[in-house]
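Hello,

Here is the structure we talked about. Please open it first, then read my notes below.

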Amino acid sequence: MGEILRSCGCFQRTRRSSSFEDSSSCRSSEIERGGEMTPHSGSLLKLFTSKGWCRQWRKTGRGMSMTKIERTMKAAILIQRWYRRFLARIEIRRRYTWTIFQSIEYAGEQDQVRLYNFFNALLTHIPDTAGRTLDSQNTSRASSNEALDMKFSDESDDLAEEGICGPDRGYQGPTIHFPLDKKELEVIIDLFRKKKNRLHAKYVAGILREATSKLKRLPNLNPASTAISKQVTICGDLHGKLDDLLVVFHKNGLPSPENPYVFNGDFVDRGKKGLEVFLLLLCTFLVFPGGVFLNRGNHEDTVMNVRYGFVREVHQKYKHNAERLLKLIDEVYRWLPLGTIVNNRVLVVHGGISDSTDLDLIRSLDRSKYISLLRPPITESSAPGAEIIDKVEWKQVFDILWSDPQHNEGCRPNSLRGAGTYFGPDVTNKFLQRYKLQYLVRSHECKPDGHEIMHGGKVITIFSASNYYEIGSNKGAYLKLDPQLDTHFVMYTAAASKTRKLTFRQRVGLVESSALRELAARLREHRMELERQFVSRDPQGAGVLTITKWCEALEAATNLGLPWRMLRDKLAPLDHPTAASTTAVAEVSYRKTLHLLDTDSFTFPAVRRTPKEQLLTQACEEKALATVAEKHRPKESTWTRTSSQHGKGKRASGKGTNGDAKKEDGDQRGSESPAVVKRFDSSKGQLKIRKNYEDDGGERADGAGQVEGNRSRGQFG
């Protein structure tokens, strides 16, 4: 023990400069005056004393007294306590930021469902519409792609009205030949990556038509197997994030019968590259039969596309041909399978299940009549019970695309989204036992690490769109199943060059600012209702409310379910805040909140720290947070991880397949930080975490050094 402590810099015999000693002495006396020792720290000093480890330090010539040792130990414990408080505050900010994003996202979906429920009820009660019963087959024929004309104009020439055959004057993109092959796929990938030209509308239409004809032949629940491939890769929501899709292909290889993929819905909306993602997935589906399985998500719906941006994206990119292309896209939507079953043991659906989910009924229903799930089908049959049967089928589809798991038992309506259900572990166990399944894989929810395991390992959520809410807000992930159906999670971050230089605190601050801007915009939408709620709770017209009533008014006006108390200093800041006033003031000026909304002058101040905390953290937080706060790092005492890891967390080479192409990849590359691969053994209920530094973009498997995936590496440079 003595040898260990003598090796520390604090115990060196050489004397240091007097100025350093003076400043050290000042800090030591400050530490002596600082708070009382914790039970932990007292017991640690007693242990040193009782064991006699401190006796030799009192010998002459050692240059160290017992008082100095006590000060050193107190300083270390004080640093640890301050640092833990700092990380706790950062974690609180991260959590309420996440809550803001999710609440606003789900509130938007709830508004959309309510709106279309209203119009559906209105149309049902109009006499003309009620007398004119419509069959879903009539609706299908009305939007059939056979009724569309075959002419698509060149977007690069406003005056061009060229036919589908023959060259176009202004078109400078690649020429695509059908049926597609691997070479054509590489051309399309290269076109989307370089962003130089846009694929001609006639080729887009050709891809959509070919995909529709192939999708029609598939069952509602598509069977997948690991018999040939020895693995299956499952990707969750992509939401128009082309960078994430290319990162997955770069790390895991292109799809093939030996490397099959399941893409679990929500390919479009919210992201800027929804059309490119959708077309690229359809191209891989056409080029590699049996290597790509596409499931329908709740955003493969034209009604959702109108609200969340995909329809606007198509109009911007193909303004002359948008309507015809959107009808072809609707045809693809209605023929997408509703789920995939791997080895007859793992069910992969977009949302989840309910207590009434019936796989036999789902297998037998006609999925093509559900062009939009937000428009329930109306039957023309006058037989009693015909409409009831149609609505039961519709609910089956709705539940597997919109539901979410919950920790509590039972099954209840999903009030947060306004559609689907919340299903508990008892519902999951009963469903899996009934159909002899091992576990359920679903998507539909953004997770900080790109995945989540619930219900004792029986429900796995996978989400593949990184930076979903804001840059640095979350990681993406994909899931790999081996023949024994053990799970391997691979996490990544697209556009890593934008976040690599940011510290953990800076990333949290960036995401927090974005969330608060979203919240401010949401509050402005409810400005009149918010003022009414404030005034109703202030009969004297004083302009102030208690913190409790202020929170109640905000919740009544927005129904977001947010931790409003924690947001008080952001939404109603004090004019001259001090450490004492922030905690002592029990009243809030709601007029200040309304004024900030009207003037759009929210400043979103940073979390306040005491002078001691500022002095301590200013020097170390920029370097230490990025390494200590990473979840895949082993947790160690703070003071044992200083000089060896201050900002020196070595990245892997991360040069992709070809180091020379590093600049060319740009933001398409994944994060070159150490990849974290988690393995969940479902048979033993254990989660094993494997951490490795990726070399050339791949991941090591099973600790034996065998390289998985990357069969098609080198395709993208």
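**What I found**

UniProt, in an unreviewed entry, places the feature "domain: Serine/threonine specific protein phosphatases" at residues 295-300. UniProt positions follow the numbering used here, feature names are shortened, and annotations may be inferred rather than shown by experiment. Over residues 295-300 the chain is 0% helix and 0% strand. The end C-alpha atoms of that stretch are 9 Å apart.

This is a predicted model: local features need pLDDT of at least 70, side-chain atom pairs count only at pLDDT 80 or more, and totals for chains, interfaces and linings use all residues. Residues are numbered from 1 along each chain as its sequence is written, and side-chain values use heavy atoms, with hydrogens and water left out.

Now the whole protein chain. It has 25 helices and 20 strands. These are DSSP runs, numbered from the N terminus (helices: H or I, at least four residues; strands: E, at least two). Of its 717 residues, 52% are buried. Buried means under 20% relative accessible area, exposed over 50%, and partly exposed in between (1.4 Å probe, protein chains only).

Next, two residues. Q231 sits in the loop between β1 (221-224) and β2 (232-235). Q231 counts as buried because its relative accessibility is 8%. Its side chain joins that of N259 in a polar contact of 2.8 Å. A polar contact is a pair of N or O atoms within 3.5 Å; within protein, one must be able to donate a hydrogen and the other to accept it, and residues adjacent in sequence count only if both atoms are side-chain atoms.

D243 lies in helix α9 (residues 242-252). At 22% relative accessibility, D243 is partly exposed.

Best wishes
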